[in-house]
Amino acid sequence: MTLEGRALAIGYRDRLVGEGLDVGLAEGEVLALLGPNGGGKTTLLKTLLGLLPPRAGEVRFGGRSLASRSIRERARLLAYVPQSHVATFAFPVETVVLMGRTAHGGLFSRPSAKDRDVAVWALERFGIAHLAERPYTMISGGERQLVLLARALAQEPRFIVLDEPTASLDFGNQGKVMREIRALATSGHGVLFTTHDPNQALRLADRAFLLRAGTRVTDGPVSTVLTQQNLEALYGAPVQVLSDSRNGHTAFLPG
Amino acid sequence: MTRRALPGFTIALAVLVAGLLLAFMLGRYPISLSEIIDVLAAKLTGGEPHVSAAVETVILNVRGPRVLAAALVGAALAVAGTAFQGLFRNPLVSPDILGASSGAALGAVVGIYFSLGVLGVECLAFAGGLVAVAAVYLIGTLVPARDPILLLVLAGVVIGALLGAGVGLVKYLADPYNQLPAMTFWLLGSLASTNGTDLISLFIPVAVGSLALFVLRWRMNVMSLPEEEARALGVPTAPLRIAIIAAATLVTSASVAASGIIGWVGLIVPHLARALVGPDFARLVPAAAILGGGYLLLIDTIARTAASIEIPLGILTAFIGTPFFIWLLADVQRTWS
């Protein structure tokens, strides 16, 4: 199964953000979406998730138009991990994860025993089962991001779309969250995430899509796409490259 | 999770029972606990009570309807407030946020102005509440916006102001000796004139609306997340929002039609209920209903007994609500949870 956007024009009713975008993502694959602020990354994510209708073109999922699927059906195929936020109400972590099961039940249903099992499994998978009873508002930002990942996993989707999953996380938590994202692809999920750090894309993604001012700069395997030249063109700023001669790893530094 | 909620429900039930007993016992004609039990037992078994006819009349005909109305109105306003606070993801929201109360107020003063009688006034108040919220919702759908929730709240403020001007105009035109006092009295809120017929026209919409909100309790949890997140979790937010607003408006309009404007209950009780049983709507909706009923019973008993004349309910709830609200603002972190 693949998630693909064909000849997409993205934007809001009163503002076109980007056009001529072709994006594809297969199961078991990690795609990183990079680009400057305001370049349309989040708009593209929301369009691919079906949260925002495309202004032109089509989002297709498994050979069928996403728009032809019900909102519930979509939620069982695609999960969305928003930037971690502070919730209005202090639901226990377990309840937040159980909300991921919503699309698996009917309109008036409550989570079943099976749903609870899935939620516990998802919490254990990210090593946060001990947080189950804690209020979501009282845990750290890193823990909250893991809870949102567990909620996405509890949806049992084919694809997981993450909006800047490491923004506002400390260095250690960034590494932890990125490892978990890679593990999601290893277990067969297709993963799409946005990031401001080309190094994360280089280490964890299979492919990268470079988006600037609503148009594609380039896309392809990270090793060929993430070059000094491309990144300088993408951000309109100088970029330095560091190479480790012992293992061939490279890293980018801004400025 | 049920274990944790049990003490909270016990407290809410205790408040309701205390409210019921005090409401029956206190008043110009004091009644003892044994007399209440005697009359109710006789009523249930079909036997003859052992108390005087006067005591029986006070319990069944004078205080009975009023006690039931207070419990129902309190429960209704608390449930509606709970639903709106979740829907608008804002703990400062009250049931009249979308203009239900101001619409009902205009309906009622128009009814009094045209001397329509009690039933006519209540029908107009009920219709006014529904029409006002429908108008607010229509604006919310017709005006394009990125944040539909914020737009609804702002539309509610605007329509509420317009309706307030309408109420002012009718009061200005009203006969200052006959009509104006009746309008003022109605706008301040009272349960003094409740009778059996009122109870039925109050009970049915409140029961229907509350039941609708209760069966949607899990979806309401998800609806308290940001709009796009709720949709990504598989919840069709637009139709559900209509359903929740319709149910909560039905409940609010029915209680405002029966008792006039009683502010603050729908704002405060959901907070107390949340402190008792947590934010999960499965427990919050019933807990708010129980606690709201008990709360308004206590307030109404104070209104009847504290002074030689009856104190309007809206004034009492404001006197209690304002300091509570200031305390809420100062104690954001703890009570928001």
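This is a short tour, in questions and answers, of a predicted model.

Visitor: What makes E2 and E5 of chain A edge strands?
Guide: The sheet is open, with 4 strands in the order E2-E1-E4-E5. Strand E2 (15-26) and strand E5 (64-65) each pair on one side only.

Visitor: How do you know that E1 and E4 of chain A pair?
Guide: Two strands pair if DSSP finds at least two bridges between them. Strand E1 (residues 2-12) and strand E4 (residues 56-61) have 5 bridges, in the antiparallel sense. A:Glu4 stands opposite A:Arg60 in E4(A).

Visitor: Which helix packs on this sheet?
Guide: Helix H1 (residues 41-49) of chain A does, touching E1, E2 and E4. Its direction makes about 125 degrees with that of E1(A).

Visitor: What makes E9 and E10 of chain A a pair?
Guide: The cut-off is at least two bridges. Strand E9 (residues 207-212) and strand E10 (residues 215-221) have 6 bridges and are antiparallel. A:Leu210 has A:Thr218 as its bridge partner. In their hairpin, 2 residues lie between the strands, and A:Ala213 takes a positive phi near 50 degrees.

Visitor: Why are H5 and H11 of chain B called roughly antiparallel?
Guide: Their axes cross at roughly 150 degrees and come within 8 Å. Angles over 145 count as roughly antiparallel. H5(B) and H11(B) are therefore roughly antiparallel to each other. The crossing is right-handed.

Visitor: Which residues meet there?
Guide: Among them are B:Phe126 and B:Leu130 in H5(B), and B:Ile245 and B:Val256 in H11(B). By class, the contact has 10 nonpolar, 4 polar and 1 charged residues.

Key:
Residues are numbered from 1 along each chain as its sequence is written. Chains are lettered from A and ligands numbered from 1 in the order in which they are written. This is a predicted model: local features need pLDDT of at least 70, side-chain atom pairs count only at pLDDT 80 or more; totals for chains, interfaces and linings use all residues. Two residues are in contact if their C-beta atoms, placed from the backbone, lie within 7 Å. Axes are lines fitted to C-alpha atoms, for helices over the stretch in contact, and angles run from 0 to 180 degrees between N-to-C directions. Angles under 35 degrees count as roughly parallel, over 145 as roughly antiparallel, 65 to 115 as roughly perpendicular and the rest as oblique. A crossing is left-handed if the near helix is turned anticlockwise from the far one by less than a right angle, and right-handed if clockwise. Ala, Val, Leu, Ile, Met, Phe, Trp, Tyr, Cys and Pro count as nonpolar, Asp, Glu, Lys and Arg as charged, and the others, Gly among them, as polar.
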